[in-house]
Amino acid sequence: MQQIQAPKGTKDVLPSESYKWHYIERTMRELCSLYGAKELRTPIIEHTELFLRGVGDTTDIVQKEMYTFLDKGERSITLKPEGTAGMVRAFLENRLFNEPMPQKLYYLNSPTFRYEKPQAGRYREHHQFGVEFVGSYSPETDAEVILLAMTLFGKLGVEELSLHINSIGCGECRKAYNTALKEYLVGYLDEMCDTCRSRFDKNPMRIIDCKEPRCREIVKKAPRTIDYLCADCKKHFEGVKACLDAAGVPYVIDPDIVRGLDYYTGTVFEVISQRIGAQGAVCAGGRYNGLIEELGGSPLPAVGFGLGMERLLAVMENNGVEFPKPPQVKVYFAANGDEARLKAFVLSQQLRQRGISSEFDHMERSFKAQFKYANKLDAQYTAVIGDDELAAGAAKVKCMADGSEETVPFDKLGEYFS
């Protein structure tokens, strides 16, 4: 019978790798706590309408990448393709808008699904970390969110990164920009891909984000959003730059960044790595001042970012980051005989209740094989229990680092290893 394998674009996280995830997650939680952000967890599935309205029905995610199905009640359900729309739905449904502003929220290790071509650090099922600050229009908030992202990379030892920023303006800016963009693009319609032609009338700015080679060539000389900002959006973007300058954060103004989701307004940014694949963005985000209203709430501004955990891990490994080793087993009980095995079983449970990691033989190995296994576990101590030790009521404890030995009564082991 043929062995079943994991679906294409998914990846198992084995025990030999999971400790790296724990380290990254712990660092993220600690950093979010420093910024006053609290964790919000949302379901893995949402009603499809959430993403049609929130992400936008002209985006690649909605048009090409979502995993959507009808449930047994004939309701259209979608596996979560990104984190922000679900966060806003939860924010509104649970009336978090009644809490003091800003609301600083994050989600961590959130499963996300997109049907796209698997590539370096990018999978059809991946996991996201995202930060969302809701309620403030200030440019300082944009800069703080960006600074949180850059600080995270610094704490994780990721180097050779560049911060790219742009502004795509508000709805009023967009009207003037879309007019100018359509005037430029209209002469190239026959040369563009079907997707871009369908976006021409409804959402022409999405054409700037197209990955098709011919479309990318066409838009090289197209107008850019940053040249069509209204006075307020221009002032806001200047404020963001001033904050980044004051914090000593270098950046590149990149007018090609428009982001692939319809809800973005104003500031948009990407963090680019030189050490991963053809698409080097390891973090992306920006403002989405209209999304909460679009999903049924009162107007509230928001800004945030998201990053893929698998992609971040790949960048860290390509940077040669040394991960802290997983915790060692403190004590391994090597037992000889049935009575000694039972004693090792009981003592292991007692030590664990005191918060001391311990292990014993589950495989009925020989005494010699147990010592080899203790070495493979990298145990700090071995505690030998045989007939003599049972008679004396004490284990022979060996420190694996220096080879020193000591006899310790069974009822004193907890104190000895604490």
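Helix 11 (residues 309–318) is largely enclosed by the rest of the structure, because seven of its ten residues are buried, where buried means under 20% relative accessible area, exposed over 50% and partly exposed in between (1.4 Å probe, protein chains only). The model is a predicted one, in which local features need pLDDT of at least 70 and side-chain atom pairs count only at pLDDT 80 or more, while totals for chains, interfaces and linings use all residues. Residues are numbered from 1 along each chain as its sequence is written, and side-chain values use heavy atoms, with hydrogens and water left out. Helices (H or I, at least four residues) and strands (E, at least two) are DSSP runs, numbered from the N terminus.

**Helix 11 and the residue that follows**

- The buried residues of helix 11 are M309, E310, R311, L312, L313, V315 and M316.
- Just after helix 11, G320 adopts a positive phi of about 70°.

- Five strands, in the order 13-12-14-15-16, form an open sheet with mixed pairing, two strands being counted as paired if DSSP finds at least two bridges between them.
- Strand 13 (358–360) and strand 16 (405–409) are the edge strands, each pairing on one side only, and neighbouring strands of this sheet are turned by 25° against each other on average, direction ignored.
- Strand 12 and strand 14 run parallel and are joined by five bridges, and within this pair A335 has I385 of strand 14 as its bridge partner.
- Strand 14 (residues 381–385) pairs with strand 15 (residues 394–399) in the antiparallel sense over four bridges; here V384 stands opposite K396, and the bridge partner of Y381 is C399.
- Strand 14 is mostly covered, with five of its five residues buried: Y381, A383 and I385 lie on one side, T382 and V384 on the other, so that both faces are covered.
- Helix 12 (residues 338–353) lies across strand 12 (331–335), strand 13 and strand 14, running at about 165° to strand 13, where axes are lines fitted to C-alpha atoms, for helices over the stretch in contact, and angles run from 0 to 180 degrees between N-to-C directions.
- Helix 13 (residues 367–376) lies across strand 12 and strand 14, and runs at about 170° to strand 12.

- Three strands form an open sheet in the order 2-4-3, with antiparallel pairing; its edge strands are strand 2 (45–47) and strand 3 (68–70), each of which pairs on one side only, and the twist averages 35° from one strand to the next.
- Strand 3 and strand 4 (residues 76–79) run antiparallel and are joined by three bridges, with F69 standing opposite I77 of strand 4.
- Helix 2 (residues 48–56) packs on this sheet, touching strand 2, strand 3 and strand 4, and its direction makes about 75° with that of strand 2.

**Helix 5 and its two packing partners**

- Helix 1 (residues 15–34) packs against helix 5 (residues 139–155) at an angle of about 140°, with their axes 10 Å apart, which makes helix 1 oblique to helix 5; angles under 35 degrees count as roughly parallel, over 145 as roughly antiparallel, 65 to 115 as roughly perpendicular and the rest as oblique.
- Helix 1 passes helix 5 in a right-handed crossing, a crossing being left-handed if the near helix is turned anticlockwise from the far one by less than a right angle, and right-handed if clockwise.
- Y23, T27, M28 and L31 of helix 1 meet L148, T151, L152 and K155 of helix 5, contact meaning heavy atoms within 4.5 Å.
- Helix 5 and helix 9 (residues 231–246) pack at an angle of about 45°, with their axes 8 Å apart; they are therefore oblique to each other, and their crossing is right-handed.
- This second contact is made by P139, E140, D142, A143 and I146 of helix 5 and H236, G239, V240, C243 and L244 of helix 9.

**F91 in helix 4**

- F91 belongs to helix 4 (residues 84–93) and is buried, with a relative accessible area of 1%.
- Leaving aside neighbours within four places in sequence, F91 is in contact with L96, F97, M101, Q103, L105, V134, I292 and L300.
- F91 and K241 are 150 residues apart along the chain, and their C-alpha atoms are separated by 29 Å.
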